[in-house]
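Biologist: Could you walk me through this structure, a few questions at a time?
Modeller: Gladly, let's look together.

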Amino acid sequence: MSARFVIVGTDTGVGKTIFSAGLVGVLDGFYWKPVQAGLDAETDSQVVARLSGVSAARILPEMWRLRTPASPHLAAQLDGVCIDPLALEPPECAGPLVIETAGGVMTPLTIDTPTIDVLARWRLPVIVVARTALGTINHSLLTLEALRRRNIPICGAAFVGDEDRAARDAISRMGQVADLGRLPRIAPLTQENLRDAFANAFALADLLKGYPPCLS
Ligand SMILES: Nc1ncnc2c1ncn2[C@@H]1O[C@H](COP(=O)(O)OP(=O)(O)OP(=O)(O)O)[C@@H](O)[C@H]1O
Ligand SMILES: [Mg+2]
C-alpha cells in the first residue's frame, strides 16, 4: 500500500490546498478532496491540477460537490443533499494519496459529525497545516490536542506564511509535534515556483518518516 496522508488545517484558508499541491507534485501522487463546498470560484481540485504538475487523471473526483462556499453541513443542507460520513472512504489508487479535508478538524460534515470523527475512523497519518500569523499557537495546539484525544496519528506540523520562529517553536514544543518546515509566501504562485519552494521547505524523508504509521 502506498503512503496516504490526510492534510488537515488549523482553520479554513491556511494553505492546505497549496501545501497539498506541492506534496502531490513532489510525491508524483494522487489528490482527493472528499467534500468540496463552493463551486463558483476555482475548486481545490482545480487548483491542485493547475499547480501540482500531475496529470488530470491523478486528481480523483470529489464525493460531494456542493454549491455554497460554507461549512459542508450547511452547504449540503442548502443543496438539499445529506452527506453520509460513513460513505467517505479513501479511494484505491496506484500511488501515494494526498487527501485534503475541508476547513478545520471540527468542521461539521453533518450537524452530528465533525470531520475529526471520519479521521478517527480512517486512522491515517495527518499533517497539520498551520499559519505562521498571530493566533496560530492557540489554533494549532487545540487541533493537536483534539487529534491526540482520538489517537489519530500525526506526522507533524507544516507552516505556511512569513517566518515566525517563536510561534513554530512554541507549537512544536508545547504540542510535542515535529516541525516539518515552512512554505513561504510564493509570488507569483506558479507550478515551478511552488515546486522549488516546496523542495526547499520540506524534506521528503521527514514527511515519509516512519510511514506507516507515523504514530507520535
Ligand atoms: N505559500 C503561499 N504563497 C502564496 N499564496 C498562498 C500560499 N499558501 C496559500 N496561499 C493563498 O492563500 C489562500 C488560501 O490558501 P488555500 O486555498 O491553500 O487554503 P485552504 O486551507 O486550502 O483553504 P480551504 O479551507 O478553503 O480549503 C489562497 O488564495 C492561496 O492561493
Ligand atoms: Mg483548500
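Biologist: Which residue just after α3 takes a positive phi?
Modeller: This is a predicted model, so the angle is computed from its atoms. The spot to look at comes just after helix α3, where phi is about 75°. The residue with that positive phi is G80.

Biologist: Which residues of α3 are buried?
Modeller: Helix α3 covers residues 72-79. Seen down its axis, the buried residues fall within an arc of 100°, so they line one face of the helix. What covers them includes β3, β5, β6 and β7. The buried residues are P72, A75 and A76.

Biologist: And which exposed residues does the face of α3 turned away from the buried side carry?
Modeller: Here we turn to the face pointing away from the buried side of α3. Exposed means over 50% relative accessible area. The residues there are Q77 and L78.

Biologist: Happy with that! Which residues coordinate the magnesium ion (ligand 2)?
Modeller: The donors follow the spacing T-x26-D-x55-E along the chain. D44 lies in helix α2 and E100 in strand β6, so this pair ties together parts that are 56 residues apart in sequence. Both D44 and E100 are buried. At 2.0 to 2.2 Å, the coordinating residues are T17 (OG1), D44 (OD) and E100 (OE).

Biologist: One last thing: is T113 buried or exposed?
Modeller: T113 sits in strand β8, and it touches P85, T107 and P108, leaving aside residues up to four places away in sequence. Its relative accessible area is 16%. Buried means under 20%, so T113 is buried.

Methods. Residues are numbered from 1 along each chain as its sequence is written. Chains are lettered from A and ligands numbered from 1 in the order in which they are written. This is a predicted model: local features need pLDDT of at least 70, side-chain atom pairs count only at pLDDT 80 or more; totals for chains, interfaces and linings use all residues. Side-chain values use heavy atoms; hydrogens and water are left out. Donors are N, O and S atoms within 2.8 Å of the metal (3.2 Å for Na, K and Ca); water is not among the atoms, so sites may look incomplete. Helices (H or I, at least four residues) and strands (E, at least two) are DSSP runs, numbered from the N terminus. Buried means under 20% relative accessible area, exposed over 50%, partly exposed in between (1.4 Å probe, protein chains only). The arc is that of the directions from the helix axis to the C-beta atoms. Contact means heavy atoms within 4.5 Å.
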